[in-house]
Amino acid sequence: MRRRYYLIKLFKNIFTPRSTETSTDSLFADWDLISYELLMDHFNVKEEATERGKNNAPATAASTPDDFHNSLVVRYQKLIATRVKEISSRFEGLETRADKAIESINFLNDAKTKFTNEIDIQLENYEPIITDANSRVRSLKEEVNEFKAKNNLTRDASYPDSKLWYYFLLFALLGFESFINGTLFASGSAQGIFGGWSIAVLISAVNVIFGFMVGAFWGKQAWSIHQPLKTIGIIGFLLWGAFTAVFNLSVGHIRSIYEEGNIGLDSNPWTEGFVNFLNNPIGLVDFTSWILVFIGILFAIIALYDGIRIDDKYPGYGSIVRKLKDIQAELHQEVDDLKESANELYDYYLNTGDEAIKKLGQDSVELREGHDFIKERVRNEYPKYCSYYSDNFRRLIGSYRNYNLEARSDEAPAYFKEEIPFNWDTDNRDDQLASLSSKIDSIGTKLSEQTNLWASNRKELEDIKISFLNKIRSYDSIS
């Protein structure tokens, strides 16, 4: 139990440490003038003096004051030092606030110049990037115009904003056909549905991927106005059609062999199926095999159309126009970023200026009030406070000596008869007060001037921004 008690006490002291402030510190926390009687009771002067006197302490031969005497002297010195520190802290606070007010005034004076300089720096940073993008846009525009003239094109390029849907459709076709083909092959495969799917994936890939590639690249040449390219494209479509028909009919024959189950150890259903196709291409008698053929051809046609539609049907037209659009978008983005940067700087200077004017009005009034308050404290309250406690602490020590003398049986030390000095620094702050007052008067005068000027400065800031935005429009070749 004892160990537990000490552990709890340890953690309590860690998380809620004791305050270092004593009861005496709390008593003298402000500028109150505590009565002599209350001080006597608080410091237990009579009890301490009587107890020490009964023990003939301090000794008759003592040449320096005892610890109780010294503790009162130290307390007085600490008391006066605390008040001096408080006055100094108030001065520092007013000086700091006055300096910040002057910074706000300087900000208002320099707002237009700094805003102009900062947007010019932004322009300097962005200009090489925008110039380069402009140059590439002009070059690609010339290329596009040459391409259109060379290929007799007067229409705009037609292509999707995103190719994601077309790639999704491609993979969907591949997966769906693989599933159907795998199901149809499963009945004749020794491995069942998984064996059927392994065959189906290969068949589907040939149908779908080959059809897509022909539509996207080879067959698209058929729309070219140039005869050699057009011929190549037409040949591509014809070969694709012939291959698709032959391939899917052969797959139908292969599937029939799987369905019949006449697969020996030395036989190859793929070879036998192709031989059967050569002997009788449309000789399929199994309805399911015909379904397999039609599904393969249908999905190949859809994949072909998907490949054609993924870009402009005229070969190369969509690619070059899309490249131009991308660079134009890059140019727009750079110019927009520069505009946004200018607008953000404008908002910053405008809002900060408005806030500075509002804050200066409050500062001017509160600084003057603070100055007058501290002036009263330095010139009247501080001398009165120091003098009051100097007399009271002198009386406390005088009372301590008297009570000590009454209680002791021998002679008191010689220093008991000496004067009890409790001096204090007048802490003259006239020069500091005058300097601070002058600074506050200057702030008030400049506030009045800035309040009248800021309305016109706000308009000039807006004019600078508009002029800058008009200037950078020349960098945007599209606008």
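Predicted model: local features only at pLDDT ≥ 70, side-chain atom pairs only at ≥ 80, totals over all residues.
Student: Which residues make the nonpolar surface patch, and which elements give two or more residues to it?
Tutor: The patch covers about 710 Å² and is made by Ile209, Met213, Phe217, Trp218, Leu229, Ile232, Ile235 and Leu239. The elements that contribute two or more of its residues are helix H7 (192–218) and helix H8 (227–260).

Student: How many helices and strands does the chain have, and what percentage of its residues count as buried?
Tutor: The chain has 12 helices and 0 strands. It has 479 residues, and the part that counts as buried is 39%.

Student: Leaving aside neighbours within four places in sequence, which residues is Phe43 in contact with?
Tutor: With neighbours within four places in sequence left aside, the contacts of Phe43 are Thr24, Phe28, Glu48, Phe68, Leu72, Arg75, Phe393 and Leu396.

Student: Where do the buried residues of H4 lie around its axis, and which helices do they pack against?
Tutor: The buried residues in H4 are Val45, Ala49, Arg52 and Gly53. They cover an arc of only 100° around the axis, so they are on the same side of H4. The face turned away from that buried side carries the exposed residues Glu47 and Lys54. The helices that the buried residues pack against are H3, H5 and H11.

Student: Which parts does the salt bridge between Arg52 and Asp66 tie together?
Tutor: The side chains of Arg52 and Asp66 meet at 3.7 Å, N to O. The pair ties together parts that are 14 residues apart in sequence, because Arg52 lies in helix H4 and Asp66 in the loop between H4 and H5. Arg52 and Asp66 are both buried. The parts joined are thus helix H4 and the loop between H4 and H5.

Student: Which two residues does the cis peptide bond join?
Tutor: Most peptide bonds are trans. The cis bond here has an omega of about 0°, and Pro58 lies in the loop between H4 and H5. The residues joined are Ala57 and Pro58.

Student: What is the phi of Asn44, and where does Asn44 lie?
Tutor: Most residues other than glycine have a negative phi. Asn44 is not a glycine, yet its phi is positive, at about 55°. Asn44 lies in the loop between H3 and H4.

Student: How far apart are the C-alpha atoms of Leu170 and Ala303?
Tutor: Leu170 is in helix H6 (residues 164–186) and is buried, with a relative accessible area of 12%. Not counting residues up to four places away in sequence, Leu170 touches Val208, Phe212 and Asp306. Leu170 and Ala303 are 133 residues apart along the chain, and their C-alpha atoms are separated by 6.5 Å.

Student: How many residues apart in helix H11 are Glu381 and Arg377, the partners of a salt bridge?
Tutor: The closest N and O atoms of this salt bridge are 3.1 Å apart. Glu381 is partly exposed at 27% relative accessible area, whereas Arg377 is buried at 9%. Because they are separated by about one helical turn in H11, the sequence distance between Glu381 and Arg377 is 4 residues.

Key. Residues numbered from 1 in each chain as written. Heavy atoms only, no water. Patch = residues over 30% accessible without salt bridge, like charges linked within 9 Å, V, L, I, M, F, W, Y side chains within 5 Å. Areas by Shrake-Rupley, 256 points an atom, 1.4 Å probe, with all protein chains shown as cover. Salt bridge = Lys/Arg side-chain N within 4 Å of Asp/Glu carboxyl O. Buried < 20%, exposed > 50% of the residue type's maximum accessible area, 1.4 Å probe, protein only. Contact = heavy atoms within 4.5 Å. Arc of directions from axis to C-beta.
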